[in-house]
Amino acid sequence: MDFSYPPEVEQVRKELRAWLAENLTDEVIAANRGRGKDEAAFQTLRAWNATMADAGWAAVSWPQEYGGRGAGVLEQLVCAEETTRARVPVHLNVIGMNNIAPAIMQYGTEVQKRTLLPRMMRADDIWCQGMSEPEAGSDLASLRTRAVRDGDHFVVNGQKIWTSLGHRAQWCQLYVRTDPEAPKHKGISCLILDMSLPGIEVRPLVTMSGEADFAEVFFNDVRVPTNALLGPENGGWAIATTTLSHERAGAARLYTEMQNRLQELVTDLADVKIDNRPVLEDPATLRRLGEIAVRIKYLEVLCQRSISAILHGGDAYGTASIAKTIWGEVGQDIAALAFDLIGMDPAGRRWADYRLTSRSLTIAGGTTQINKNITAQRILGLPRS
C-alpha cells in the first residue's frame, strides 16, 4: 500500500484546522445531539452548513463551479479526518451531498446542476432519497412504486419507507418503476421530485431512541413533470449504483469517528468505579478496550487501502465494503461496552441512546449481509451461488 500525504495536502489540513478553530463553536457541536428532536438545534445546524458552504469547506470534492474546491482524493481524506476529529456535525444533507449530488453531476441537466446543487450545499433545501419500500429494502430492484407517463407528466403511485429526513425535505431523489414488463433492473427510472406536489403524504417515524430522523412517504396520483427525470427513462439502475458506490466510499473514511467514540468512552470512564475499584483498572475492561482499539487501527488500514486503490486504479469497492462491515460492528461493540459500564447511570444517558441507535450501523449504507456477499465475490473470488 503506497499511501502518504504530500506537503500540499498537509497544507489543506492546516488551513481547515485553522478555520475550524476560528469558526466552530460549542453551540454547533452541542446542536448535533439534538438534531432529531429539537427544532432550534436543527436550525443551528442549518446555519452552520451555510457557513461551511460559503467558506468552501462544505463539499471540497465538488467542482468549483458548483461551490466546491475540486479537491483530490487525499485532500478529501484529510478534510474528513479533520472535521471528524473536531466533531463537526455531519451535514444535514449528508445523503444528498454524498450520494444524490454526484448522481446529479453525472446525469443531470445543466439547469438541474445550477439550480439544485448550491442550495443543497448550504442546506437551504433539505433532500431525501426515495429508495426503500416495505417489500424492497436491500433488494432495491424489487421496488413497486409506479410512474406512468401521461403527456408531459409522470403519474406516481406507491410508498417509500425509512426515508431519512423525509418529513423535512423539499426535494427527493425518487426511484420508480416506469416499465413493469422489463427485467426488474431495467424498468426503473429516477425522478427529482418536488416534495410540495399535491398527493404526497409524509409520516414521521419515531425510533426507539425518541428521534424522528426517518419517515414513510405515500404517493397518490402525484403528477411529476417529465423534465424532472434524472438521466434516461428506464436508466435508473445505473444512477442507483452510482449513488450507492459514493455512499460506501464515504463510509470507508469513518475510522476517525470510531477513534473519537473510543476516546470519549475512556474519558467518561475515568471516574467510574465498580465495587469501589476504578473500572479502568479492571483487566476485563482493559482487554475489551484494547481489542476495540486494535480493530479501529485495522479499520484505518482498510480505509487507507481503499483510498490507495482509488489513487492507483485498483478496485476500491470490495475493500470499502469490508471497511463498512468492520465500522458497523466496532460501533456496536463500543456502544455495548459503554452501556455495560455506565449506560444505566444518569451521566451515561448519551451512551444509552447510542446503544439504541448503534443497531442501525450494520443496516444503513448497505447491510452487513450484503457487504459480506460483496467481500465473498470481489475479494475472495467466490461464486454468486
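**Entry 1: a loop with positive phi**

I looked up Asp275 and found it exposed, because its relative accessibility is 75%. For this label I used these cut-offs: buried is under 20% relative accessible area, exposed is over 50%, and partly exposed is in between, with a 1.4 Å probe and protein chains only. The model is predicted, so I noted its limits: local features need pLDDT of at least 70, side-chain atom pairs count only at pLDDT 80 or more, and totals for chains, interfaces and linings use all residues. Residues are numbered from 1 along each chain as its sequence is written, and side-chain values use heavy atoms, with hydrogens and water left out.

Asp275 sits in the loop between strand E8 (273-274) and strand E9 (277-278). Helices (H or I, at least four residues) and strands (E, at least two) are DSSP runs, numbered from the N terminus. Asp275 is not a glycine, yet its phi is positive, about 55°. I then checked Asn276, which is found in the loop between E8 and E9. Its phi is also positive, near 65°, in a residue other than glycine. Asn276 counts as exposed because its relative accessibility is 74%.

**Entry 2: salt bridges**

How many salt bridges does the structure hold? I noted 23 salt bridges, each being a side-chain nitrogen of Lys or Arg within 4 Å of a carboxyl oxygen of Asp or Glu. Side chains of opposite charge can pair when their charged atoms come close.

I looked at Arg13 and Glu81, whose side chains meet in a salt bridge at 3.1 Å, N to O. Arg13 lies in helix H1 (residues 7-23) and Glu81 in helix H4 (residues 73-85), so this pair ties together parts that are 68 residues apart in sequence. Both Arg13 and Glu81 are buried. They also belong to a network of salt bridges that links Glu10, Arg13, Arg17, Glu81, Glu82 and Arg85.

My next pair was Arg122 and Asp54, with a salt bridge at 3.1 Å, N to O. This pair links distant parts of the chain, 68 residues apart: Arg122 is in the loop between helix H6 (110-121) and strand E1 (127-130), and Asp54 is in helix H3 (residues 39-54). Arg122 is partly exposed, at 27% relative accessibility, whereas Asp54 is exposed, with a relative accessible area of 56%.

I also looked up Asp268 and Arg350, which form a salt bridge with the closest N and O atoms 2.6 Å apart. Asp268 is in helix H8 (residues 255-269) and Arg350 in helix H11 (residues 349-357), 82 residues apart. Asp268 counts as partly exposed because its relative accessible area is 29%, and Arg350 counts as partly exposed at 37% relative accessibility.

**Entry 3: nonpolar cores**

Which residues have the most contacts inside the largest nonpolar core? I found Val156, Leu193 and Ile334, in a core of 72 residues. A nonpolar core is a set of buried Ala, Val, Leu, Ile, Met, Phe, Trp, Tyr and Cys residues joined through side-chain atoms within 4.5 Å. Helix H10 (residues 316-342) gives the largest share of this core, eleven residues. Apart from this core lies another, of 26 residues, among them Tyr66, Ile100, Ala103 and Ala136.

I listed what Leu193 touches (heavy atoms within 4.5 Å): not counting residues up to four places away in sequence, the contacts are Gln170, Trp171, Cys172, Leu174, Ile200, Phe219, Val222 and Val224.
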